[in-house]
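Work through the exercises below with the coordinates open. Each one gives a task and then a solution in steps.

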Amino acid sequence: MNQTARPAMTEELIRLSGITKTYGRGQAAIQAVRGVDLAIGEGEFVAVMGPSGSGKSTVMNILGCLDTPTSGSYRFQGVQVERLTRDQRALLRRHYLGFVFQGYNLLARTTALENVELPLIYRGEAAAERHAAARAALEQVGLAGWEDHTPGELSGGQQQRVAIARAVVTRPAVLLADEPTGNLDTRTSREIMDLIGSLNRDRGLTVLMVTHEPDMAAYAQRIVRFVDGRVESDLRPPPPAPPPPAGEGGTEAA
Amino acid sequence: MLWNTLLLALRAIRRNLMRSFLTVLGIVIGVAAVITMVTLGRGATQAVADQIASMGSNLLIVLPGQRFGPGISGAPFFRVADAEAIRSQIGAADAVAAVASRVATTVYQARNWSTVVTGSSDEYFRAGNWQLAAGRSFTEAEERAGKAVCVIGETVRERLFGRQDPVGSEIRVRQFACEVIGLLAAKGQSAMGSDQDDTVVMPLRTVQRRLTGSTDVNRLMIAVREGASIDAVQDQTVRLMRERRNIGANEEDDFRVMDTRQIAETLTGTTRILTLLLGAVAAVSLLVGGIGIMNIMLVSVTERTREIGIRLAIGALEREVLLQFLIEAVVLASLGGIVGIALATAASVFLAGLMQVPYLFDPAINLVSFLFSAAIGVIFGYFPARRAARLDPIEALRHE
Ligand SMILES: Nc1ncnc2c1ncn2[C@@H]1O[C@H](COP(=O)(O)OP(=O)(O)OP(=O)(O)O)[C@@H](O)[C@H]1O
Ligand SMILES: [Mg+2]
């Protein structure tokens, strides 16, 4: 793979080299990812696009240490992730990664506040600080006053806000979002994207987001397209012009 | 970490109140059933043992005929001389009582009560393990003279005298007046279920003269000396009685010698089987409770697996997740165990009172069922969680 020459990045945060993922074995084996090289700098806002089944989620899960690649190397802040133990990877998730899912994945019958508190409990923070931080995070996503509502009492957009609050309450280095607006209408999607965009701008949070919608991808500074388990293009559209993102342009397979 | 994990476990319990409640309920039912049944079974066994002890241990009873019911077989009754022969020829016989009895109506003032009047000697009390609550037993002179004196049982006292002290009063037994000289200490039910205190005892000669009108002796009671072989005394008695009753070498006995120890063994054996049976029934309920818990856990395994996926995804360590589930399981199982034990104690005390058996607290069975319930909780609550916690987070999240 060769990639478009990029202007000198800020500090490199993530580097994937030759990542592959194969599900099953023998005849039934499916090659979901066939060799992905990708570097992401600190503070970037990257949108990942591509047809269904092209391996976007698989790569995101590998980035989020939720899944292990079949081969290849993943460096996070220079650390060789595949060398880490299970517990070390859990600690990496705990301290550096925030994950937002298409399906929210909140704990059922648990209040918004307790959901957002959860990662802080695992970090061993004291109750008072934990509550304050969780409240602040909920306020930041526009859910002040909804602390005591359970997911069942919240709309999809509100649930996704809770999930984002939970992902960023620990002030992670990266926010990984796999189709965060996939279940939401356009208006709500825009609200969520504004929220993520402001986290990226104001806090310098690095964001990787999978989306099918060019409108949402337009919030990003960089768009990576996946096809058939490979990176097909890696573009940086000029900042002021939002729309035409996808299509051909940058790269070709070697 | 422990404190935080405890917090998470308690939150999980609160979040799933219905599931928690059903889990606890399953354990409560199982534990309560086992403890109640075993406790009552043991109480019943103890009650039988007490009754047997009250009959007098080391006791042989010689009855005419081979089947139950004296005289049905036409076999002759005994004589006082038979008792004397046993007393003089069998060294290990501690007390030998010749007994004749008859049902008769007893009257005191306006009250009357029909009871069994037993004629025997002072040795009857020793052989039958009777204690005097008040008054005295007959003297030898009274026995020889066939005086109209009697010792009454607690039930007779209650029926005739109410709250009054009976000693020194005169009661009428059928046609004759009889002075109450003693009151027997209550014994309660016999092992066969009859009321042992429903009795009036007077000298043998008195009963023979005034009630039966014959010199027949219905049965002989032999108390075997402490430490002596009951079997040996039984053999000697059989031989002596065959000789005295002129039974030929090829003829069968026309009497039988019963051993209270044998009766005791038979009866305790029966109650022990009953206890085992109750225990088995209870164990089944414990098992059913366990299967109920297993069901609840299996039904919720999808949700719980996803929950574990979420926890892992936001950075929980495998052991933190496992500790949480372990605490959750142990808290629920212990709660069930404690409530079950409390319920079982209440039920056992109540039912023991109803069944008139003693309530015996058995630490072993309480402990065993408690541990069993804890094991069920841990096995069904913890092990499915362990499987999930070992998955990659994404697999746990994808679980369907
Ligand atoms: N657990 C799995 N077992 C087997 N095959 C899988 C598994 N997960 C994904 N795949 C396969 O891997 C390929 C890539 O899947 P992936 O979910 O990464 O695609 P995607 O780009 O996220 O698609 P979409 O846009 O529909 O979400 C697909 O062909 C899919 O069928
Ligand atoms: Mg996907």
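**Exercise 1.** Classify Arg109(A) by its relative accessibility, and find its salt-bridge partner in chain B.

Solution. Step 1: Arg109(A) has a relative accessibility of 42% and therefore counts as partly exposed; buried means under 20% relative accessible area, exposed over 50%, and partly exposed lies in between (1.4 Å probe, protein chains only). Step 2: its side chain meets that of Glu303(B) in a salt bridge, 2.8 Å from N to O. A salt bridge here is a side-chain nitrogen of Lys or Arg within 4 Å of a carboxyl oxygen of Asp or Glu. Step 3: the pair crosses between chains, with Glu303(B) in helix 10 (residues 301-313) of chain B and Arg109(A) in the loop between strand 6 (97-100) and helix 3 (112-122) of chain A. Helices (H or I, at least four residues) and strands (E, at least two) are DSSP runs, numbered from the N terminus. Step 4: Glu303(B), at 32%, is also partly exposed.

The model is predicted: local features need pLDDT of at least 70, side-chain atom pairs count only at pLDDT 80 or more, and totals for chains, interfaces and linings use all residues. Residues are numbered from 1 along each chain as its sequence is written, chains are lettered from A and ligands numbered from 1 in the order in which they are written, and side-chain values use heavy atoms, with hydrogens and water left out.

**Exercise 2.** Describe the interface of chain B and chain A by area, contacts and composition.

Solution. Step 1: the size of an interface is often given as the accessible area lost when the parts come together. Chain B and chain A bury about 2600 Å² between them, 49% of it on carbon and sulfur atoms; buried area is the accessible area (1.4 Å probe) that two parts lose on being put together, summed over both. Step 2: 30 residues of chain B and 29 residues of chain A take part in the contact, where contact means heavy atoms within 4.5 Å.

Step 1: on the side of chain B that touches chain A, helix 1 (2-15), helix 10, helix 11 and helix 13 (393-398) each supply at least two residues. Helix 10 gives the most, with seven residues. Step 5: by class, this side of chain B has 13 nonpolar, four polar and 13 charged residues. Ala, Val, Leu, Ile, Met, Phe, Trp, Tyr, Cys and Pro count as nonpolar, Asp, Glu, Lys and Arg as charged, and the others, Gly among them, as polar. Step 6: 20 residue pairs are in polar contact across the interface, both at pLDDT 80 or more. A polar contact is a pair of N or O atoms within 3.5 Å; within protein, one must be able to donate a hydrogen and the other to accept it, and residues adjacent in sequence count only if both atoms are side-chain atoms.
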